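Keep the structure open beside you as you read.

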Amino acid sequence: MLATVAAFLAVVGGTSLIAVGARWFRRDDSLPTLEGWALAGRRFGAPTTWLLLGGTIYTAYTFAAVPGLVYGAGALGFFALPYTVIVYPLAFVLLPRLWTVARDNGYITVADYVKGRYDSPPLALAVALTGILATMPYIALQLLGIRAVLTAGGLYPRGFAGDLALIAVFAVLALATYRHGLRAPAVISIVKGAAIFGATLAVVAVVLDELGGPGRMFETAATRHTALALEPELFPAFATLALGSAMALLVYPHVLTAAFAAKGPDTLRKVTVALPAWTAVLGLFGVLGIAALAAGVEAPPGNAESAVPLLVDQLMPAALTGVLFGAFVVGALVPAAVMSIAAATAFVRNIYVEYFHPTATPKHQTRIAQAVSLTAKVGAVAFVLGLRNQDAINLQLLGGVWILQTFPAVAIGLFTTWLHKWALLAGWATGMVAGTLLVVWGGFSSVVSVGFGDAKVPVYAAVVAFALNLVVAVGLTPLLSRPREAVRAT
């Protein structure tokens with residue numbers, strides 16, 4: 001146990017020191033503008049962007065939830081692999097184009113872009129509020145990921161001592177982000193990349209050796225779970241989960257914040273070509289869910305996310321266990337930092353400046369964003385300590401449904417402005433209401449049954465809501481455009 005704790009503290013402590021005091025920050029210590037604080041002046045090259053974007057997309061909770069879903073639900077849990085493969089061709093097309101428009105017009109947030117593209121402050125406000133609403137529980141989920149992993153590994157003391165340790169980890173993140181903005185998670189992402197890639201390969205090698213190789217591992221797991229092969233009736237759910245999640249990911253504020261910080265569109269193209277390397281690591285983590293079944297790991301009811309930490313604690317050498325748990329914690333710091341920066345920037349640019357203080361100076365905007373970013377982290381800690389884990393999971397599930405409803409305004413608007421701004425707003429409202437009701441009525445399940453009578457198929461609720469959103473936007477556009485065209489004709 002001592003070796004585990006020592007290795008864990010070495011990873012987390014070393015990362016904390018790097019985050020707070022790295023020399024790299026001193027290139028521009030004043031950060032006088034919001035663009036400098038939130039986007040690091042749009043100067044990140046391909047290696048830094050690859051690490052930051054990968055570290056932002058692949059959160060600590062992802063690395064715990066995917067194998068946990070495989071452990072609990074079987075083959076359906078592997079939808080995350082095609083989802084993270086589908087997303088990169090989309091990113092290759094959309095992100096460079098969006099970056100160019102943002103740079104040319106001085107946009108910092110995606111809501112800035114929506115406002116400029118459609119000349120519609122209400123639509124921009126809807127996009128900004130949706131992004132903030134979807135991001136806040138996502139930050140809390142990173143804390144839940146840390147706590148679930150450390151509890152399973154016996155590194156999270158019960159009661160106040162454990163909560164204090166969690167607060168201390170996030171306090172370091174808050175300090176580094178407050179001072180250095182996006183540069184802090186960019187530095188942490190270097191440690192995350194090395195720790196996640198190295199520890200994963202080592203753990204998979206040890207686990208396969210202990211379980212007699214992949215063939216025997218799958219054979220043993222199949223005797224303990226009957227759904228390791230995807231049943232035909234689940235094909236629609238699998239496909240819509242993959243497609244809907246990929247589309248939603250690209251319009252999350254934290255992903256676009258990391259993308260906007262790149263040096264240029266060519267940098268983003270290079271990065272999206274190389275990002276599937278992170279998917280390979282996620283696939284190995286998914287296999288660890290199978291390994292947990294084969295090893296006979298008994299995760300507590302309703303807490304399948306602890307299956308892999310329990311497996312690691314059971315089979316791994318103590319030092320390697322500590323390194324992997326440390327990598328989980330570091331893995332939570334990068335996305336949590338970028339998410340808090342993205343939410344704070346959206347609040348300042350699209351709510352505070354737009355509606356309360358239009359004459360705010362760049363320095364004042366930066367100070368407000370720093371304070372809001374800090375508040376977001378404090379709120380996430382309070383949420384995790386004061387409410388049930390399931391509340392954060394349910395809200396994050398809704399967040400995925402909500403954020404997809406901004407896809408028409410953001411992504412489709414890159415190629416055409418045919419869709420009317422009020423039609424887009426009506427479609428967004430329809431999708432938000434329909435998606436929320438579908439998830440709540442389905443008992444907070446991401447998969448719902450749609451159809452008539454006995455001809456019902458399971459699909460991702462966000463995709464159903466998105467389809468309704470698009471139907472309303474496309475259907476209303478000709479009606480709302482007619483008066484404008486008639487005026488022009490006269």
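Let's start where two helices touch: Pro82, Tyr83, Ile86, Val87 and Leu90 of helix 5 meet Phe238, Ala242, Leu243, Ser245, Ala246, Met247 and Leu249 of helix 11. Sorted by class, this contact holds 11 nonpolar residues, 1 polar residue and no charged ones. Please bear in mind that the model is a predicted one.

How do helix 5 and helix 11 lie relative to each other? Their packing angle is about 45 degrees, and the two helices are therefore oblique to each other. Helix 5 makes a right-handed crossing as it passes helix 11.

The second pair is helix 14 with helix 15. Here Leu288, Gly289, Ala291 and Ala292 from helix 14 meet Ala307, Val308 and Leu311 from helix 15. This contact divides into 6 nonpolar residues, 1 polar residue and no charged residues. Angles of 65 to 115 degrees count as roughly perpendicular, so helix 14 and helix 15 fall into that class. Their crossing is left-handed.

Side by side, the two pairs look like this:

| Helix pair | Residues | Angle | Axis separation |
|---|---|---|---|
| Helix 5 and helix 11 | 80-105 and 235-249 | about 45 degrees | 8 Å |
| Helix 14 and helix 15 | 276-294 and 307-315 | about 65 degrees | 9 Å |

Finally, have a look at Gln405, which sits in the loop between helix 18 (389-404) and helix 19 (407-410). Is Gln405 buried or exposed? Its relative accessible area is 2%, so Gln405 is buried. Beyond its neighbours within four places in sequence, Gln405 is in contact with Trp428, Gly431, Met432, Ala462, Ala465, Phe466 and Asn469.

Notes: Residues numbered from 1 in each chain as written. Predicted model: local features only at pLDDT ≥ 70, side-chain atom pairs only at ≥ 80, totals over all residues. Heavy atoms only, no water. Axes fitted to C-alpha atoms, helices over the stretch in contact; angles between N-to-C directions. Helix = DSSP H or I, 4+ residues; strand = E, 2+ residues; numbered from the N terminus. Parallel < 35°, antiparallel > 145°, perpendicular 65-115°, else oblique. Left-handed = near helix turned anticlockwise from the far one by under 90°. Contact = heavy atoms within 4.5 Å. Nonpolar A, V, L, I, M, F, W, Y, C, P; charged D, E, K, R; others polar. Buried < 20%, exposed > 50% of the residue type's maximum accessible area, 1.4 Å probe, protein only.
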